[in-house]
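This briefing summarises the architecture and packing of a single protein chain for computational work. Please consult the sequence and coordinates shown here before reading the points that follow.

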Amino acid sequence: MSYKKQDEKEGNNKNDKPLANLLVVDDDSDIAHVLKQGFLKNGFLVSAFTNPEEALQNFQSNSKGYCLMLSDIRMPGMSGIRLARKVKQINPDVKVVLMTSFEIKDNEFSKVFPSTQVDGFVQKPVDIKTLTNKILDIIGETKRRIYEQQ
């Protein structure tokens, strides 16, 4: 399921440049929807998917358009870890943040999954402000300055 068509209608004014284009993947449609709405309100362009295979197909078609993928780790069909690996194979420059309800440390993850390069982790539940700040940290300081001036 994608909310792609709503981006243009719900996005910022035409004069406002979006902070970044995000790909959000969570098999829970409520979480995907809430994250999408929160990110849209904070100045991002967002494509949200509840199906990791659909998200991957979309990413393959638009791999240069995305700056960051935020994905749940545990999903039916394809895990967020496998999705992250495939996304990085297509475009190694895209940043990847994984969400989980379990506590996870970056150094533990890299020992267990050395072939998967991930840029950050978020433990659920998380508020949109904290998540926005983490994403801005990962994608760069220039975008953070723009965000804080708004």
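At the start of α2, a side-chain oxygen of D28 comes to within 2.8 Å of the backbone nitrogen of D30. The model is a predicted one, and it contains seven helices and five strands.

**Helix α2**

- The 13 residues of α2 should span 18 Å at 1.5 Å a residue, and this agrees with the end C-alpha atoms, which are 18 Å apart.
- The buried residues of α2 are A32, L35, K36, Q37, G38, F39 and L40.
- Just after α2, G43 adopts a positive phi of about 95 degrees.

**Overall fold**

- Read from the N terminus, the elements follow the order α-β-α-β-α-β-α-β-α-β-α-α.
- The protein has 150 residues, of which 46% count as buried.
- Of the contacts between residues at least 6 apart in sequence, 67% join residues at least 24 apart.

**The sheet and its helices**

- Five strands form an open sheet in the order β2-β1-β3-β4-β5, and their pairing is parallel.
- The edge strands, β2 and β5 (120-123), each pair on one side only.
- From one strand to the next, the twist averages 20 degrees.
- Strands β1 and β2 run parallel and are joined by five bridges; V25 has F49 in β2 as its bridge partner.
- Five bridges also join β3 to β4, again in parallel, and L70 has V97 in β4 as its bridge partner.
- Strand β4 is mostly covered, with five of its six residues buried.
- Helix α4 (residues 80-90) lies across β1, β3 and β4, and runs at about 175 degrees to β4.
- Helix α6 packs on the sheet by touching β1, β3, β4 and β5, and its direction makes about 175 degrees with that of β5.

**Nonpolar cores**

- In soluble globular proteins, nonpolar side chains tend to be buried together.
- The largest nonpolar core has 21 residues, and the members that touch the most others are F39, F44, L68, L70 and I135.
- Two or more residues of this core come from each of β1 (21-25), α2 (29-41), β2 (45-49), β3 (68-72), β4 (95-100) and α6 (128-139).
- The contribution of α6 to this core is the greatest, at five residues.
- A second, separate core comprises 20 residues, including F49, L56, M75 and V94.
- Residue F39, which is buried in α2, touches L22, V24, F44, V46, L70, I128, L131, T132 and I135 when residues up to four places away in sequence are not counted.

**The buried residue N91**

- Residue N91 lies in the loop between α4 and β4.
- Because its relative accessibility is 4%, under the 20% cut-off, N91 counts as buried.
- The N91 side chain reaches the backbone oxygen of S63 at 2.9 Å.
- A polar atom of the N91 side chain also lies 2.9 Å from the backbone nitrogen of D93.
- With neighbours within four places in sequence left aside, N91 is in contact with F59, S63 and K64.

Conventions. Residues numbered from 1 in each chain as written. Predicted model: local features only at pLDDT ≥ 70, side-chain atom pairs only at ≥ 80, totals over all residues. Heavy atoms only, no water. Core = buried A, V, L, I, M, F, W, Y, C linked by side-chain atoms within 4.5 Å. Buried < 20%, exposed > 50% of the residue type's maximum accessible area, 1.4 Å probe, protein only. Helix = DSSP H or I, 4+ residues; strand = E, 2+ residues; numbered from the N terminus. Contact = heavy atoms within 4.5 Å. Pairing = 2+ DSSP bridges. Axes fitted to C-alpha atoms, helices over the stretch in contact; angles between N-to-C directions. Expected span 1.5 Å × (residues − 1). Polar contact = N/O pair within 3.5 Å; in protein donor to acceptor, adjacent residues only side chain to side chain.
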